[in-house]
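Please open the model in your viewer and keep the sequence panel beside it. The stops below say what to select next and what is to be found there.

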Amino acid sequence: MNKQYLIAGLCVLTLALAGCGSDDDDSPMGMTPTPEPMPEPESMTFTYAVNITNMTRGQPLSPLAAMVFDGEFQMAKMGEPVSVALEVLAESGDNSQLLDAAMGSEHVYLARSAEGGPLMPGLSQTMMLEVNTATDSPEGMYIGLVSMLANTNDGITMLSGKDLGGLQVDDTITFETLSYDTGTERNSESADTIIGPAAAGGLQEGFNAERDDFVDELRLHSGVVSFDDGMASSALSEAQRFDNPVMQVEITRMQ
Amino acid sequence: MKRLSALASLMILAATGANGAEYTVEIQNLTRSTFFTPLLVAAHPAENHLFAVGGEASLPLQTMAEGGNIEPLVGEIDGLSGIAVANPAGGLLAAGASATAMFNNDDAPDNNHLSIVAMLLPTNDGFVGLDAMWLPTEPGTYQYMLKGYDAGTEANDELRGSGMPGEPGMPVPPPLDPQLGNNGTGMPGEAEGFVHIHRGVLGDTDSVAGGSDIDATRHRWLNPVARVTITVE
């Protein structure tokens, strides 16, 4: 009884869209209706143009790591130690390990790096992200972005898991991102430990596996001090100081 | 599902429909001890901008950012048939204080984006800014936080000087005068050439000498620098 009711209900629902098949053997015209095949789940392409602008005076942004994922993927969390892959990005600007790790996750549709070198202060660049999904209504559509502030020891900027699910074609959504300290390297600001151009002449070490900051956790950045503000050992001038936000992000859905 | 998205489209249509509204825009200076020079509150079409991050400042923007003179920017807005509310605070807006601008765009509903600028003092060419933000049309109250920008047109020498565009130093109106030091030798740096988020002033703690005439213990700030409350009726 219950089952029949359910089937009848389904039939009514289907009828509204495509008509309902009948299992009546003596149907008019003598046709034996063939059961309608279940439609294949339609794959779909979502294309996003991601335009970023470096809002700082003196912090080149390392090549952007961009990831698009469903609701299950977790980016770095405030107050927790970061992965080695993110440590490598934060200390050297090399995003390859972070992107490889993301691509290894079943929850990530796409993970890739911006082309070219660092994005210098005041400049903008656009990256096209083409996401192919198995269905036209994927579980979730979130974007994450990470880049190093090159004239810091281990500073990054990050857009953490923003929902693009409601974005219609030709719609644009804008964000401004904060600066974070990954807590993996002490902020000595010395030319030997900073990889960016402000440290030219020093050793400019990138990744170092030792975690020697006073706290091994991701937190908001407190800014750099600089030589001009009285830190004699700093390789940074007043021009490398920064305040939030540090990066502007405009995401337009193209398809 | 279909019906839901149709409903969403209808709502978007309603939101972007060419209907004007009555706006009250309150701007509060959130800094600890930084003045805003006369504010410009402007409603204009989406494609117009008083400034753009990463771009070179226009001469009217430079004139505002280096000396607080908003007349050239008001002229630009008038030329666009925009709505300009000039100097709603009637002079300097002190730290903690608020000013309110009111306008109605019923007669010109294309003026549906909001820009706000005013110079930050003491700085060489710093300003508080809001760039072409879409104005809500649903009745209600909305809040936004504004940041400090550097126009990139003048070296941040942090010295008493001129408010004329292209001339070094900072203008010193009477209320600021007793807060500043004297005889600074000048901070390092040059005009940056592009608009960016202001990295803050340095200042120093020597009121009769040192590199800067700015007081490091008083005049630094962190973003945000202003809160904007928009009431739509």
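Begin with chain A as a whole: among its contacts between residues at least 6 apart in sequence, 74% join residues at least 24 apart, where two residues are in contact if their C-beta atoms, placed from the backbone, lie within 7 Å. This is a predicted model, in which local features need pLDDT of at least 70 and side-chain atom pairs count only at pLDDT 80 or more, while totals for chains, interfaces and linings use all residues. Residues are numbered from 1 along each chain as its sequence is written, and chains are lettered from A and ligands numbered from 1 in the order in which they are written.

Read along the sequence, their pattern is α-β-β-α-α-β-β-β-β-β-β-β. Of the 255 residues of chain A, 39% count as buried; a residue is buried if 20 or more other C-beta atoms lie within 10 Å of its own, exposed if 12 or fewer, and partly exposed in between.

Next, select helix 2 of chain A, residues 84-92, in which Leu86(A), Glu87(A), Val88(A), Leu89(A), Ala90(A) and Glu91(A) are buried. The buried residues of this helix pack against strand 2 (65-69), helix 3 (96-103), strand 5 (142-148) and strand 6 (155-163) of chain A. The helix is followed by Gly93(A), whose phi is positive, near 85°.

Move to chain B and select helix 2, where eight of the nine residues are buried, so this helix is largely enclosed by the rest of the structure. Its buried residues are covered by elements that include helix 3, strand 6 and strand 7 (126-134) of chain B. Just after helix 2 of chain B, Gly68(B) takes a positive phi of about 85°.

Helix 2 of chain B contributes Leu59(B), Pro60(B), Leu61(B), Thr63(B) and Met64(B) to the contact, and helix 3 of chain B contributes Pro72(B), Leu73(B) and Glu76(B).

Which residues have the most contacts inside the largest nonpolar core? Select Leu39(B), Leu40(B), Ile116(B) and Phe127(B), which hold that place in a core of 104 residues; a nonpolar core is a set of buried Ala, Val, Leu, Ile, Met, Phe, Trp, Tyr and Cys residues joined through C-beta atoms within 7 Å. Strand 6 of chain B (residues 113-121) gives the most to this core, with seven residues. Around Leu40(B), not counting residues up to four places away in sequence, the residues touched include Ile70(B), Leu73(B), Val74(B) and Ile116(B).

Now display both chains, whose contact takes 17 residues from chain B and 20 residues from chain A. On the side of chain B that touches chain A, the elements giving two or more residues are strand 8 (140-150) and strand 9 (196-197) of chain B.

Finally, select Met164(B), in the loop between strand 8 and strand 9 of chain B. Met164(B) is partly exposed, with 13 other C-beta atoms within 10 Å. The C-alpha atoms of Met164(B) and Leu59(B) are separated by 11 Å, although these residues are 105 residues apart along the chain.

Note on methods:
Helices (H or I, at least four residues) and strands (E, at least two) are DSSP runs, numbered from the N terminus.
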